[in-house]
Amino acid sequence: MATYDLVVIGTGPGGYVCAIRAAQLGMKVAVVEKNATLGGTCLNVGCMPSKALLYASEMFEEAEHSFAKMGVSVSAPKLDLPSMMNFKQQGIDGNVKGVEFLMKKNKIDVIAGKAKILGTGKIEVSSRDGKTQTVETKNIVIATGSDVAKLKGIEIDEKRIVSSTGALSLDKVPGKLLIVGAGVIGLELGSVWHRLGAQVTVVEFLDRILPGMDGEVAKQFQRILEKQGFAFKLGAKVTGVDSSGKTLIAQVEPAAGGALEKIEADVVLVCIGRVPYTDGLGLKEA
C-alpha cells in the first residue's frame with residue numbers, strides 16, 4: 001500500500017494545480033479522480049466546451065448576418081452539428097491530454113475512482129468495477145468542485161430534460177428550448193442554441209436576470225437578448241415537466257402565486273446554479 005505526503009481529491013483547476021505545486025516542492029503526491037478524464041467540470045463539461053460552442057455559433061451567425069455588410073458575399077451557411085461538436089471535443093481532448101502530461105511530468109500518481117475519507121490520513125478509493133483500495137497519506141486536499149443543482153420534482157435525463165452537461169452535447173438543434181434559470185450558464189447555453197436556430201424562453205424565479213450581477217448590466221443585457229429574440233418570464237417558477245408526450249410540457253407559475261401557464265418545449269435545460277460536491281466523501285463521519 002502506497003503512502004503519500006499529499007493526496008488531492010479531484011483534478012479540476014483547483015486540484016491539479018495544487019498537486020503539481022506540491023510535487024514541485026518535493027512531496028510525493030497522488031490525485032484521485034472519479035471521472036474517466038482529468039480536468040474536472042471546467043475542462044470537460046464547463047468553461048472550455050461552452051466557449052468553443054459560443055465561438056463556433058458566433059461564427060455561424062456572423063456568416064449569416066454580418067459578412068454581407070462587410071462586403072463578403074457567401075451563400076447561406078449550413079450547420080453541420082456533428083462537426084461543430086467534434087470541434088468542441090478536440091478542444092477538450094487537447095486540454096485533458098495536457099493535464100495528463102503534467103501529472104506524468106511531475107511524477108504524480110493518478111488513482112481512478114471515487115474517494116471516501118475514512119479518517120486521519122486514510123482514503124478509500126472505489127473504482128468503477130467495484131474494487132476498493134485504501135491509500136495512506138499525511139495530508140488530504142479536498143478539491144471536489146461542484147455539481148449541478150437539482151430542481152425538486154424534475155428528473156434530469158440528459159436527453160430531453162438536461163443540465164448544462166447535456167446541453168453541451170445535444171445531437172440536434174431543439175425547435176423550442178426552455179431554460180430554467182437566468183444565470184450566466186443558462187444564458188450562455190441559450191445563446192449557443194439560439195444562434196443555431198432554437199426558439200429560446202427563459203424562466204427565472206427572481207424579477208431580474210443574472211442574479212448577483214450589477215443591475216444596470218443585467219438590464220442592458222436583457223434588452224440585447226430580447227432584441228435577438230429571447231423571451232423572458234421573470235418572477236416565475238417551473239413546478240413540473242410532463243414528458244409523456246412527443247413534446248415536453250412545462251408547468252410555469254408566478255413566484256408570488258397565481259394562474260398556472262403551460263409552455264411547450266423540445267428540450268428543457270435546468271440551470272439553477274451549482275452546489276458543492278461532497279456526496280459520499282465521508283465528511284460527516286470524519
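**Pockets and cores**

A: The model is predicted. Start with the largest pocket, where helix H2 (40-45) gives the largest share of the lining, five residues.

Q: Which other elements each supply at least two residues of the lining of the largest pocket?

A: Besides H2, they are helix H1 (13-24), strand S2 (29-33), H3, strand S4 (114-119), strand S7 (146-148), helix H5 (164-167) and H6.

Q: What volume does the largest pocket have, and which residues are the closest to its centre?

A: Its volume is about 750 Å³. The lining counts 42 residues, and those closest to the centre are Asn35, Gly40, Thr41, Ser146 and Arg274.

Q: How do the residues of that lining divide by class?

A: The lining of the largest pocket holds 15 nonpolar, 19 polar and eight charged residues.

Q: What does the second largest pocket look like in the same terms?

A: The second largest pocket has a volume of about 310 Å³. It is lined by 14 residues, with Lys159, Arg160, Asp171, Lys172 and Val267 the closest to its centre. By class, this lining has seven charged, four nonpolar and three polar residues.

Q: Which residues line the largest cavity, and how many of them are charged?

A: The lining consists of Val148, Ser163, Ser164, Ile185, Val270, Cys271, Ile272, Gly273 and Arg274. One of these residues is charged, while five are nonpolar and three polar.

Q: How should I read a nonpolar core?

A: In soluble globular proteins, nonpolar side chains tend to be buried together. Here the largest nonpolar core has 31 residues, and the members that touch the most others are Leu177, Leu187, Trp193, Val202 and Leu269. At least two core residues come from each of helix H3 (47-65), helix H4 (81-105), strand S9 (176-180), helix H6 (184-195), strand S10 (199-204), helix H7 (215-228) and strand S15 (267-270). Another core, of 16 residues, lies apart from this one and includes Ile161, Leu178, Val238 and Val241.

Q: With its neighbours within four places in sequence left aside, which residues is Leu177 in contact with?

A: On that basis, Leu177 is in contact with Gly190, Trp193, Ala198, Gln199, Val200, Thr201, Val267 and Leu269.

Terms used: Residues are numbered from 1 along each chain as its sequence is written. This is a predicted model: local features need pLDDT of at least 70, side-chain atom pairs count only at pLDDT 80 or more; totals for chains, interfaces and linings use all residues. Side-chain values use heavy atoms; hydrogens and water are left out. A nonpolar core is a set of buried Ala, Val, Leu, Ile, Met, Phe, Trp, Tyr and Cys residues joined through side-chain atoms within 4.5 Å. Buried means under 20% relative accessible area, exposed over 50%, partly exposed in between (1.4 Å probe, protein chains only). Helices (H or I, at least four residues) and strands (E, at least two) are DSSP runs, numbered from the N terminus. Contact means heavy atoms within 4.5 Å. On a 1 Å grid over the protein atoms alone, a cavity is a set of points where a 1.4 Å probe fits but cannot get out, and a pocket is an open set with protein on both sides within 12 Å along at least five of seven lines; lining residues have an atom within 4 Å of a point. Ala, Val, Leu, Ile, Met, Phe, Trp, Tyr, Cys and Pro count as nonpolar, Asp, Glu, Lys and Arg as charged, and the others, Gly among them, as polar. Grid points are joined across faces, edges and corners, and a volume is the space filled by probe spheres set on the points.
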